[in-house]
Amino acid sequence: MPFAIYILGLAVFAQGTSEFMLSGLIPDIAHDLGVSISAAGTLTSAFAAGMIVGAPLMAVLSLRWPRRRALLVFLTAFVIVHAVGAITTSFPVLLVTRTLGALANAGFLAVGLATATGMAKPDAKGRATSVLLSGITLACVAGVPAGAALGQTLGWRSAFWAVALVSLPAVLAILRSVPDTVRAADDPDEARPGARDQLRALRDPRLLVMLLLAALVNAATFCTFTYLTPLSTDVSGFAEGWVPALLALFGLGSFAGVTLGGRLSDTRPMRVLIPGGIALLAGWALFTATAASPVAAVLLIFVQGALSFAVGSTLIAQVLYAATRAPSLGGSFATAALNVGAAAGPAIGGATIAAGLGYRSPLWVSALLVAAALATASLAHAVRRSRATPRDDAPAFPATGRPRG
């Protein structure tokens, strides 16, 4: 892998830390800025909304820019809004900075995915994707706990400053390491199609199904991850002091899964998607049944983190293989799909808890979401087989987007 791809992963690490660190900072922000806890919670919602809307919007706005310029603009904007957020005493200003930060984050990740896969070899898109997504998993392992620790010792503003400072080396490294023009065999910049042509290419039914599957799997992942703290303490019986270690364990599993998925998704994606999807469903169901056992909880927190990100990252890699005629917008739609899932899953899980179904209920929701993904894939495969001719008949659906030899 080119060194510049790892630099992009560093930037994604900083952005992932920013996205998730508020879970440990909300009470301090509410107290410092004189707002309610629920009002401070809208900072999280604003970031999620900005990520969903920002991915395709920023990708379209930067479509004709050289990718190095787009990456620098988005990352520099991300640094600036975090600096403003760290010094403001106004909650509305902080809310605006979170929204703008999410737009910049979404734009960077969308362009970053296209850039990384363009710099990698034509048959290594999965590995390039895994490097970027590993930045998010490492944020769960190290970035978020470090941000929470900083917030507890030096105040919530220090966490915002830390994110900005971690991003600065990536700005300088992108300036030096990312070529001004990123070329790939399937995406020469001089022939890069316009927004209308790319949007037409994104109407491919196989691509749309894979985007839906990615959203469903990510919704299942974050449905349980969001409520892992009350699940661990109220159901599994862990003391609160164990929670950071359990969150880090989930992050370690996620990192292992995205690394394994990256190695297999280029050559044997269906060996990840089919057995991995079935195992993921079985794991959520088993977790539901054994959540009261601390030993089972520890094991399944790691395993489900690994399976979730192995399957999810492989789906994203297949989206990028299938979107070769939409090199810029393909990454943006993949980013949007991930964030639709990250927003919808916790909302559904929260609704089940509010309905009085208990802290175990998000596990059932996660299982049902994965079951819906498997049913959708099976239905799409059956429809495709019924319409296929002998020439274009292919293995299991969703088919890999890699060129067939």
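A residue counts as buried when its relative accessible area is under 20%. In this predicted model, Phe238 has a relative accessible area of 12% and is therefore buried.

**Aromatic pairs**

A pair of aromatic rings is described by the distance of the centres and the angle of the planes. Two of the pairs are set out below.

| Ring pair | Distance of centres | Angle of planes | Class |
|---|---|---|---|
| Phe225 and Phe250 | 4.9 Å | 35° | tilted |
| Phe238 and Trp242 | 6.1 Å | 50° | tilted |

Planes under 30 degrees apart would count as stacked and those over 60 as edge-to-face. The planes of Phe225 and Phe250 stand at 35°, so this pair is tilted. Phe225 belongs to helix α9, residues 205-226, whereas Phe250 belongs to helix α11, residues 243-264. The pair therefore ties together parts that are 25 residues apart in sequence. Both Phe225 and Phe250 are buried. Ring pairs also join these two residues with Phe222 in a cluster. The pair of Phe238 and Trp242 is likewise tilted, because its planes are at 50°.

**Packing of α9 against α15**

Two packed helices are described by the angle between their axes and the distance between the axes. Helix α9 packs with helix α15, residues 361-387, at an angle of about 170°, and their axes are 7 Å apart. Angles over 145 degrees count as roughly antiparallel, so α9 is roughly antiparallel to α15. The crossing of these two helices is left-handed.

On the α9 side, the contact includes Arg206, Val209, Leu212, Leu213, Leu216 and Val217, together with Ala219, Ala220, Cys223 and Thr224. Among the residues that α15 contributes are Pro362, Leu363, Val365, Ser366, Leu369, Val370 and Arg384. By class, the residues of the contact of α9 with α15 comprise 17 nonpolar, three polar and two charged.

Pro179 is located in the loop between α7 (156-177) and α8 (195-201). Its relative accessible area is 36%, so Pro179 is partly exposed, a class that lies between the limits of 20% and 50%. Which residues does Pro179 contact when its neighbours within four places in sequence are left aside? They are Arg68 and Met119. Thr115 is 64 residues away from Pro179 along the chain, and the C-alpha atoms of the two are separated by 9.7 Å.

Methods: Residues are numbered from 1 along each chain as its sequence is written. This is a predicted model: local features need pLDDT of at least 70, side-chain atom pairs count only at pLDDT 80 or more; totals for chains, interfaces and linings use all residues. Side-chain values use heavy atoms; hydrogens and water are left out. Rings of Phe, Tyr and Trp (its six-membered ring) pair if their centres lie within 6.5 Å; planes under 30 degrees apart count as stacked, over 60 as edge-to-face and the rest as tilted. Helices (H or I, at least four residues) and strands (E, at least two) are DSSP runs, numbered from the N terminus. Buried means under 20% relative accessible area, exposed over 50%, partly exposed in between (1.4 Å probe, protein chains only). Axes are lines fitted to C-alpha atoms, for helices over the stretch in contact, and angles run from 0 to 180 degrees between N-to-C directions. Angles under 35 degrees count as roughly parallel, over 145 as roughly antiparallel, 65 to 115 as roughly perpendicular and the rest as oblique. A crossing is left-handed if the near helix is turned anticlockwise from the far one by less than a right angle, and right-handed if clockwise. Contact means heavy atoms within 4.5 Å. Ala, Val, Leu, Ile, Met, Phe, Trp, Tyr, Cys and Pro count as nonpolar, Asp, Glu, Lys and Arg as charged, and the others, Gly among them, as polar.
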